[in-house]
Amino acid sequence: MNLKIVEYPDKKLREKSQKVEKFDKELHELLDAMYPIMMNTNGIGLAAIQVAHPIDALILNIPDEEGEQPKENLIEMINPVITHKNGETTYQEGCLSVPSFYEDIERYEFITVNYQDRDGNTQTIEADGLMSIAIQHEYDHLQGILFIDKLSSSRRRKFEKEYKRAQKEKKKAK
Ligand code: Y12
Ligand code: CO
């Protein structure tokens with residue numbers, strides 16, 4: 001499967017993803033193809049919509065204490081629903097669909113998520129720390145929300161300026 005990361009400001013990123021009904025070979029092939037894309041771009045999380053598949057599926061591989069991301073730590077979440085959330089935390093986030101831009105974003109500190117694995121089995125996870133932040137970031141993608149939407153208006157203007165400048169420089173370099 002030949003996948004490419006969809007980048008801001010592509011409108012595709014604003015689509016609402018649809019619930020997964022079939023846990024079939026097609027779903028497994030998509031998840032399998034998303035994994036190397038995320039790992040080869042130093043990602044820790046990727047939603048299916050970011051590779052132009054608007055379905056409720058996301059993958060996460062949070063670095064361990066040594067900063068490693070072994071495949072056994074990979075989590076695939078299908079049809080996730082955040083059922084509980086509390087606390088507050090701030091972390092400097094980045095997104096493979098908004099390259100080269102990082103900003104502090106406020107999130108819930110603790111969350112509980114119900115989801116299905118690739119075979120349709122129901123799972124529950126209680127998350128905190130980077131796992132909680134990454135789940136919320138990817139979960140937002142499923143609703144067509146990007147982390148830059150959460151910036152204050154002044155920080156959003158700063159982003160738009162930086163983005164335009166980067167685009168100009170890209171064009172010049174061609
Ligand atoms: C904290 C931080 C990030 C998230 C959401 C998941 N985001 C990512 O995995 C972002 C990865 C990323 C990787 C980059 O490196 C390459 O593309 C090689 C990157 O650098 C550039 O675009 C130049 C930016 C982002 C949740 C919580
Ligand atoms: Co993202």
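Biologist: In this predicted model, which residues of H1 are buried?

Modeller: An α-helix has 3.6 residues a turn, so residues three or four places apart point the same way. In this structure the buried residues of H1 are Leu27, His28, Leu30, Leu31, Ala33, Met34, Tyr35, Ile37 and Met38, and what these buried residues pack against is E1, E2 and E3.

Biologist: What span should the 16 residues of H1 have, and how far apart are its end C-alpha atoms?

Modeller: Counting 1.5 Å a residue, H1 should span 22 Å, and because its end C-alpha atoms are 23 Å apart, the two values agree. Just after H1 comes Asn42, whose phi is positive, at about 60 degrees.

Biologist: In what order do the strands of the sheet stand, and what is the sense of their pairing?

Modeller: Strands of a sheet pair through backbone hydrogen bonds, either parallel or antiparallel. Here 5 strands make an open sheet with antiparallel pairing, in the order E1-E2-E3-E6-E7. Strand E1 (45-47) and strand E7 (122-127) stand at the edges and have a single partner strand each, so one side of each is left without a neighbour in the sheet. From one strand to the next, the twist averages 35 degrees.

Biologist: Over how many bridges do E2 and E3 pair?

Modeller: Strand E2 (residues 57-60) pairs with strand E3 (residues 75-86) over 4 bridges in the antiparallel sense, and Ile59 stands opposite Glu76 in E3.

Biologist: Which strands does H1 touch, and which does H2 touch?

Modeller: Helix H1 (residues 25-40) packs on the sheet and touches E1, E2 and E3, its direction making about 40 degrees with that of E2. Helix H2 (residues 129-142) also packs on the sheet, touching E1, E2, E3, strand E6 (110-116) and E7, and the direction of H2 makes about 155 degrees with that of E2.

Definitions and conventions: Residues numbered from 1 in each chain as written. Chains lettered and ligands numbered in written order. Predicted model: local features only at pLDDT ≥ 70, side-chain atom pairs only at ≥ 80, totals over all residues. Heavy atoms only, no water. Pairing = 2+ DSSP bridges. Helix = DSSP H or I, 4+ residues; strand = E, 2+ residues; numbered from the N terminus. Axes fitted to C-alpha atoms, helices over the stretch in contact; angles between N-to-C directions. Contact = heavy atoms within 4.5 Å. Expected span 1.5 Å × (residues − 1). Buried < 20%, exposed > 50% of the residue type's maximum accessible area, 1.4 Å probe, protein only.
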